[in-house]
Amino acid sequence: MRLIGLLLVAAGLLAACIAFAGRWVVALDTFASFMPLFGVAVLLGLLLARTRAALALSVLALIPVGVAVLPEWTRPIPAARAAQVRIVTHNVWHDNPDPAETAQTILDAHPDVVLLQEANGTFRPMLAALRQSLPYATDCPADCELAILSRWPIGERDYFLKDHAGHSFGPPLLWARIQPPGAPAFTVATLHYVHPGPEQAKRRAELALALAGVPHDDWIVAGDMNLTPWAAAMREQDAALAPLTRFTRSLASWRRPVPVLAIDHLYAGPDWGLADARRLPATGSDHYPLLVRIGRR
């Protein structure tokens, strides 16, 4: 058992160091998504080995893990005075085998606004069912996989941002201006990044540049971003999208093979504060839906 423990600690140390190098080597940044698991492996190995060598290696291994993980738990998130808006964001999965159950889970959360990704597959017929409770919705081109539904009226809406001449700019995203009764309007947007790589980096840069060109104090941007909080790319995006703040903190949202990857996120502008964010029950999707309750600051 001691040998197995030492091997676990050594493997955890090697993996954590490789993942930590993703701060400088983009190709290694994906490994940072598993930093918490590397930490668990190290602690398990230490428990099995119980030797001074294992203790020394564990300390070395937990340094890069701690440097990657702890900032996520200590970063400030503005608080709301009261919860005023309930938002569900969910990648409903193109090949969802039980879209009706997914739709019911969304409705059971009593959302005011729903932001969906991969809604152009088996889930598409459920959009009409959702509109029984969320009667306002966006239009989207036939090849668009995104959807926004709202309990409250929707004003302006579009696929892509447009400049004064009507030309599209920025990455593909669906946005809508929501008008709650007796309260100021606000803008929501949803998007779906590809997996980490050059194309995703391009999309992230385009999003930051696009949002910098529009008034975004009351914006809410959410979706499947295929980024975890431990990745250097996520830290870069957090900084690039400021003053928007990421309100989701390490909610494991991808279910396969085990729910350890937090890749679905919600950002909100400085007008907003967070009441709470939680994961909803599993649906037929390979992602968990997230419910984020926010309010004006």
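These legends go with a set of close-up views of the structure shown above.

About the model. This is a predicted model, so to speak for every view below: local features need pLDDT of at least 70, side-chain atom pairs count only at pLDDT 80 or more, and totals for chains, interfaces and linings use all residues. Residues are numbered from 1 along each chain as its sequence is written, and side-chain values use heavy atoms, with hydrogens and water left out.View 1. Leu55, Val59, Leu60, Ile63 and Val67 make a nonpolar surface patch of about 430 Å². Patches are built from residues with over 30% relative accessible area and no salt bridge, where nonpolar side chains (Val, Leu, Ile, Met, Phe, Trp, Tyr) are joined within 5 Å and like charges within 9 Å. The areas come from the Shrake-Rupley method with a 1.4 Å probe, and for residues only the protein chains shown count as cover. Val67, one of the patch members, is found in helix 3 (residues 52-74). Helices (H or I, at least four residues) and strands (E, at least two) are DSSP runs, numbered from the N terminus. Val67 counts as partly exposed because its relative accessibility is 35%; buried means under 20% relative accessible area, exposed over 50%, and partly exposed in between (1.4 Å probe, protein chains only).

**View 1. A glycine in helix 2.** Look for Gly39 in helix 2 (residues 35-49). With a relative accessible area of 6%, Gly39 is buried. Gly39 and Val69 are 30 residues apart in sequence, and their C-alpha atoms are 9.6 Å apart in space.

View 2. A disulfide is a covalent bond between the sulfur atoms of two cysteines. Here the rule is a pair of cysteine sulfur atoms within 2.5 Å, and the count comes to 1 disulfide. The sulfur atoms of Cys140 and Cys144 are 1.8 Å apart. The torsion about their S-S bond is about 65°, so this disulfide is right-handed.

**View 3. Aromatic rings around Trp272.** Rings of Phe, Tyr and Trp (its six-membered ring) pair if their centres lie within 6.5 Å; planes under 30 degrees apart count as stacked, over 60 as edge-to-face and the rest as tilted. The count by this rule is 4 aromatic pairs. Together with Trp152, Phe186 and Trp272 form one aromatic cluster.

View 4. Arg296 lies over the face of Trp272, 4.3 Å from the ring centre. For a charge to sit over a ring, NZ of Lys or CZ of Arg must be within 6 Å of the ring centre and within 35 degrees of the ring normal. Arg296 also meets Asp271 in a salt bridge (3.3 Å, N to O). A salt bridge is a side-chain nitrogen of Lys or Arg within 4 Å of a carboxyl oxygen of Asp or Glu. This pair links distant parts of the chain, 25 residues apart: Arg296 is in strand 12 (residues 290-296), and Asp271 is in the loop between strand 10 (264-268) and strand 11. Arg296 is buried at 15% relative accessibility, while Asp271 is partly exposed at 27%.

**View 5. Another arginine over a ring.** The charged end of Arg255 sits over the ring of Tyr288, at 5.7 Å from its centre.

**View 6. Salt bridges elsewhere.** How many salt bridges does a search of the whole structure find? The search finds 10. In one of them, Arg177 and Asp218 meet at 2.8 Å, N to O. Arg177 lies in strand 6 (residues 168-178) and Asp218 in the loop between helix 6 (198-212) and strand 8 (219-224), so the pair ties together parts 41 residues apart in sequence. Arg177 is partly exposed at 27%, and Asp218 is buried at 11%. Lys162 and Asp158 form a salt bridge at 3.1 Å, N to O; Lys162 is partly exposed at 33%, and Asp158 is partly exposed at 26%. A network of salt bridges links Glu72, Arg75, Asp238 and Arg246.
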